[in-house]
Amino acid sequence: MSIYKVKIGIIGGSGLDDPEKQILDSRSITKKEDAKNDFGVPSSDLFNGTLNGVDVVLLSRHGQGHTISPSNVNYRANIEALRLAGCTHILASTACGSLVESITRGQLVIPDSFLDRTVKRNTTFYDGTSKKYPGVCHVPMEPCFDPTTSKILYNVGQELGYDIKKGGTVVSIEGPRFSSKAESKAMRIWGGELINMTTCPEVYLAKEAGLLYAAVAMATDYDCWRDSDDNVHAADVIKVFKENVIKIREILTKAVHIINEKNWDKEIDALKDLLRSSNISS
Ligand code: ADE
């Protein structure tokens, strides 16, 4: 018997802005929930439903209709809403630029680290705003993505026959502009393999909130580091993502079933212990 009942939050990113329609079983009954919390209003209502027979809660990162820019996403309200909805896991989709030749357009990557280049976002729950997150908490960032959940996403992608890479460093920039060529090249030197505008702070807020977070990234472009004229353009990002979105839907559909079957007590308790021991206030 497991102590914790699995519930999976799914955050749909660019190209998956209407996850209710794009992900849920068509017969699944959904309950819309206005999920304002201590940190404000989430990007969208929460849609409760079933995917492959598993209870899931869907959230649109940029709002339905893609109206919220990366800097204005209330990442804390989003994560807190999913936590309060009883989620144990978050699976996120993200459209990314590729910073390496070997990650091609339409390819999927399960990221395992990040470089945070964002500059104007709320980066912690532990800032005294909410009594639910008291004290000063210094959470270790290795591993930043939950390895077990990430492995499930990767294995499912492989089983489905997709071109999918295990591990990768994603650079999150502030945006909304794309990078200059010099910035793009610098990120490559730093070890970045993908570039987007949203993994940070989402991934580390989820960890602070005690949720097991993993992401499926899709390379939609080569940013602008290559000596060619196929530099990133927003329209191409959405086009390539939409052409390949079925892969993300299939992975999520299979993965939620596998996640739901497993006992996660060990992983959840380990994260709770880590958060307790990382809080240095008495
Ligand atoms: N999202 C998709 N492609 C991107 C890029 N090249 N830079 C930042 N975010 C992106």
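## The second largest pocket

Nine nonpolar, three polar and five charged residues make up the lining of the second largest pocket. This description, like the rest of the report, concerns a predicted model. The volume of the second largest pocket is about 340 Å³. It is lined by 17 residues, and those closest to its centre are Arg-83, Ala-209, Gly-210, Lys-272 and Leu-275.

Helix H7, residues 265-278, provides the largest share of this lining, namely four residues.

## The largest pocket

The largest pocket has a volume of about 420 Å³, and the ligand takes up the space of this pocket. Its lining consists of 24 residues. Nearest the centre of the largest pocket lie Ser-14, Pro-70, Phe-178, Met-197 and Val-237. By class, the lining of the largest pocket divides into 11 nonpolar, 10 polar and three charged residues.

Four elements each supply at least two residues of the lining of the largest pocket: E5, E10, E11 and helix H6 (234-261). Of the elements, E5 gives the most to this lining, with five residues.

## The shell around the ligand

The residues around the ligand are Ala-95, Cys-96, Gly-97, Phe-178, Ile-195, Asn-196, Met-197, Thr-220, Asp-221, Asp-223, Val-232 and Val-237. Among them, Phe-178, Met-197 and Val-237 also belong to the residues nearest the centre of the largest pocket. Sorted by class, the shell around the ligand has seven nonpolar, three polar and two charged residues.

Three strands each supply at least two residues of this shell: E5 (89-98), E10 (194-196) and E11 (212-221). E5 gives the most to the shell around the ligand, with three residues. E5 also gives the most to the lining of the largest pocket.

## Polar atoms facing the ligand

Which residue has a side-chain N or O atom 2.6 Å from a nitrogen atom of the ligand? That residue is Asp-221. Two further distances involve the backbone. A backbone N or O atom of Ala-95 lies 3.2 Å from a ligand nitrogen atom, and a backbone N or O atom of Gly-97 lies 3.1 Å from a ligand nitrogen atom. How much of the accessible area that the ligand has on its own does the protein cover? Of 260 Å², the protein covers 95%.

## Backbone details

Two cis peptide bonds can be located in the chain. One runs from Glu-142 to Pro-143, with omega near 0°. Pro-143 is in the loop between strand E7 (113-117) and helix H3 (147-159). Another cis peptide bond links Cys-200 to Pro-201, with omega near 10°. Where is Pro-201 found? Pro-201 is found in helix H5, residues 199-208.

Asn-52 is a residue other than glycine with a positive phi, near 55°. Asn-52 is part of the loop between strand E3 (46-51) and strand E4 (54-60).

Note on methods:
Residues are numbered from 1 along each chain as its sequence is written. This is a predicted model: local features need pLDDT of at least 70, side-chain atom pairs count only at pLDDT 80 or more; totals for chains, interfaces and linings use all residues. Side-chain values use heavy atoms; hydrogens and water are left out. A residue is near a molecule or strand if one of its heavy atoms lies within 4 Å of it. A polar contact is a pair of N or O atoms within 3.5 Å; within protein, one must be able to donate a hydrogen and the other to accept it, and residues adjacent in sequence count only if both atoms are side-chain atoms. Accessible areas come from the Shrake-Rupley method with a 1.4 Å probe; for residues, only the protein chains shown count as cover. On a 1 Å grid over the protein atoms alone, a cavity is a set of points where a 1.4 Å probe fits but cannot get out, and a pocket is an open set with protein on both sides within 12 Å along at least five of seven lines; lining residues have an atom within 4 Å of a point. A molecule sits in a cavity or pocket if more than half of its atoms lie within 2 Å of its grid points. Ala, Val, Leu, Ile, Met, Phe, Trp, Tyr, Cys and Pro count as nonpolar, Asp, Glu, Lys and Arg as charged, and the others, Gly among them, as polar. Grid points are joined across faces, edges and corners, and a volume is the space filled by probe spheres set on the points.
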